[in-house]
Amino acid sequence: MSERGDKGMTQGECFLDVSKDSPFVEAVGSIDKFQARLGWTRVILTDKDDKKRIKDIQKDLYEIMGSLYLGKNWDNGEKRIEIIEEDTVLFKERVKDLVGFLISGENEIESRINICRTDCREAERRVVTLKLEREEKEGLDLDKNILKYFNKLSLFLNFMWRANF
């Protein structure tokens, strides 16, 4: 409990007060929701490597939220992007015969992964909004690895989702 009273404000980037509907709060909130859904998905996964992949992604998201909060670059960005790209290739190989649009709802695992995929895309859009606001108002740029990570991650989740049909 913050005990600061609720006037529609919260602590944001670099401990500054910001409106609860600011692009910063929207971006961090959507990332937080995404990581929570990943945890909800992880509990039903049966493959130990998949569980580890998802937990590592959750850790990445906490690091990204911390980087945004502190206004710093994400130190592990390049390394984690490479790993996500490698994992994407693995899942893409599993689904090379699965083409076209798919309708989610065949099983619990694929349905939850698909929800995570859409949450990832939502978080990416919120981070883009934050990036544009920072550039316009403050002349600051966002760590390019953060947006690149979300872009690569949504592709990874797309193939992981398809692999679980």
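Reply: A residue is called buried when its relative accessible area is under 20% and exposed when that area is over 50%; anything in between is partly exposed. Val128 has a relative accessibility of 33%, so Val128 falls into the middle class, partly exposed. The model used here is a predicted one. Val128 sits in helix H4, which covers residues 108-138. Between Val128 and Gly77 there are 17 Å from C-alpha to C-alpha, and the two are 51 residues apart in sequence.

The protein has 5 helices and 2 strands, and their order along the sequence is β-β-α-α-α-α-α. For 165 residues, a compact globule would have a radius of gyration near 15 Å, and the 17 Å of this protein agrees with that. A box of roughly 50 × 30 × 30 Å along the principal axes holds the C-alpha atoms. Of the 165 residues, 42% are buried. Among contacts with a separation of 6 or more, 72% are between residues 24 or more positions apart. The accessible surface is about 9,700 Å², and carbon and sulfur atoms account for 51% of that surface.

Helix H5 runs over residues 144-163 and counts 20 residues. Its span from the first C-alpha to the last is 29 Å, close to the 28 Å expected at 1.5 Å a residue. Asp143 caps the N-terminal end of H5, with a side-chain oxygen 2.9 Å from the backbone nitrogen of Asn145. In H5, 14 of the 20 residues are buried, so the helix is largely enclosed by the rest of the structure.

The structure contains 5 aromatic pairs. One of them joins Phe24 and Tyr69, with ring centres 6.3 Å apart and planes at 45°, so the pair is tilted. Phe24 belongs to helix H1 (residues 23-42) and Tyr69 to helix H2 (residues 48-70), so this pair links parts that are 45 residues apart in sequence. Phe24 is buried at a relative accessible area of 6%, while Tyr69 is partly exposed at 22%.

Another pair involves H5 itself. The ring centres of Trp74 and Tyr149 are 4.9 Å apart and the planes stand at 80°, so this pair is edge-to-face. Tyr149 is in helix H5 and Trp74 is in the loop between H2 and helix H3 (77-94), so the pair ties together parts that are 75 residues apart in sequence. Trp74 is buried, at 4% relative accessibility, and Tyr149 is buried as well, at 0%. Together with Phe150, Trp74 and Tyr149 form one aromatic cluster.

The side chain of Gln58 makes a polar contact with the side chain of Arg42 at 2.8 Å. Apart from its neighbours within four places in sequence, Gln58 touches Gln35, Leu38, Gly39 and Arg42.

To return to H5: the helix is largely enclosed, is capped by Asp143 at its N-terminal end, and is tied through Tyr149 to Trp74 in the loop between H2 and H3.

How values were computed
Residues numbered from 1 in each chain as written. Predicted model: local features only at pLDDT ≥ 70, side-chain atom pairs only at ≥ 80, totals over all residues. Heavy atoms only, no water. Helix = DSSP H or I, 4+ residues; strand = E, 2+ residues; numbered from the N terminus. Expected span 1.5 Å × (residues − 1). Buried < 20%, exposed > 50% of the residue type's maximum accessible area, 1.4 Å probe, protein only. Polar contact = N/O pair within 3.5 Å; in protein donor to acceptor, adjacent residues only side chain to side chain. Rg over C-alpha atoms; globule rule 2.2 N^0.38 Å. Contact = heavy atoms within 4.5 Å. Areas by Shrake-Rupley, 256 points an atom, 1.4 Å probe, with all protein chains shown as cover. Phe/Tyr/Trp six-rings, centres within 6.5 Å; stacked < 30°, edge-to-face > 60°.
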